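Here are some notes for a colleague who has not seen this structure before. Please read them with the model open.

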Amino acid sequence: LAHSIGNRHQLLTYMERSCTHLTQLFRQEINPQQLLFPEGDWAVAEDVYQYNPMSQYYYSILSAAFASIVKDRDSGKPLRVLEVGAGVGSSTAVTLPLADPAHTSYVYTDISTFFLEKAKDKFSEYKFITYNLFDINTPPLRQGYEENSFDVIIANNVLHNAANMKQTMLWLNSLLDHNGC
């Protein structure tokens with residue numbers, strides 16, 4: 001409950017700042033990232049993406065789907081997960097607790113080291129995570145990723161940044177193992 005109240009305050013403050021600077025935003029005199037990440041802090045973005053009620057509804061669906069994958073998984077094989085454009089780790093926060101630490105390899109990616117460094121602190125208790133850069137507009141093989149190397153790919157709130165959606169989906173599909181999700 002305390003986080004919910006703090007969240008409402010953060011969301012309202014963000015909305016007020018955005019409305020106050022609306023003209024400047026339209027004229028591109030202010031960068032919207034300054035409002036979402038004031039002074040390089042990701043608390044506002046985390047509240048916007050992870051803790052608002054609509055996001056929580058979507059994460060409940062993701063959580064149920066991921067739990068089903070984990071449950072149906074052959075326990076003898078490791079579960080290899082790639083999260084693309086993980087950002088503030090909203091999806092990560094609901095999937096990691098469901099993963100078996102002894103049999104999971106989780107790759108947390110984003111286009112910016114800013115998010116990777118913050119995520120290392122946020123998810124420090126999970127030792128089965130690696131943090132890598134990943135650009136959805138560049139062939140994964142050129143970025144050091146191998147074909148058929150993941151069982152699950154999570155791409156939440158990132159694919160709208162694809163320059164060519166069809167190509168990006170083909171690249172992501174090439175990273176999935178034959179029975180991947």
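1. A residue counts as exposed when its relative accessible area is over 50%, and as buried when that area is under 20%. The model is predicted. Gln-33 has a relative accessibility of 53%, so Gln-33 counts as exposed. Gln-33 sits in helix 3, residues 32-36. Between Gln-33 and Ala-45 there are 9.4 Å from C-alpha to C-alpha, with the two 12 residues apart in sequence.

2. The largest pocket has a volume of about 650 Å³. It is lined by 28 residues, and those closest to its centre are Gly-87, Asp-110, Phe-115, Asn-157 and Asn-161. Helix 3, helix 6 (90-95) and helix 7 (113-122) each give two or more residues to this lining, and helix 3 gives the most, with 3. By type, the lining holds 14 nonpolar, 11 polar and 3 charged residues.

3. The whole structure has 4 salt bridges. One of them joins Arg-73 to Asp-151, with the closest N and O atoms 3.1 Å apart. These partners are 78 residues apart, Arg-73 in the loop between helix 5 (53-72) and strand 1 (79-83), Asp-151 in the loop between strand 3 (129-133) and strand 4 (152-154). Asp-151 is buried at 5% relative accessibility, while Arg-73 is partly exposed at 24%.

4. Arg-80 and Asp-177 form a salt bridge of 3.0 Å, N to O. Arg-80 is in strand 1 and Asp-177 is in the segment after helix 8 (165-175), so this pair ties together parts 97 residues apart in sequence. Arg-73, Arg-80, Asp-151 and Asp-177 are linked in a network of salt bridges.

Notes. Residues numbered from 1 in each chain as written. Predicted model: local features only at pLDDT ≥ 70, side-chain atom pairs only at ≥ 80, totals over all residues. Heavy atoms only, no water. Helix = DSSP H or I, 4+ residues; strand = E, 2+ residues; numbered from the N terminus. Buried < 20%, exposed > 50% of the residue type's maximum accessible area, 1.4 Å probe, protein only. 1 Å grid on protein atoms, 1.4 Å probe; cavity = no way out; pocket = protein on both sides within 12 Å on 5 of 7 lines; lining within 4 Å. Points joined across faces, edges and corners; volume = space filled by probe spheres on them. Nonpolar A, V, L, I, M, F, W, Y, C, P; charged D, E, K, R; others polar. Salt bridge = Lys/Arg side-chain N within 4 Å of Asp/Glu carboxyl O.
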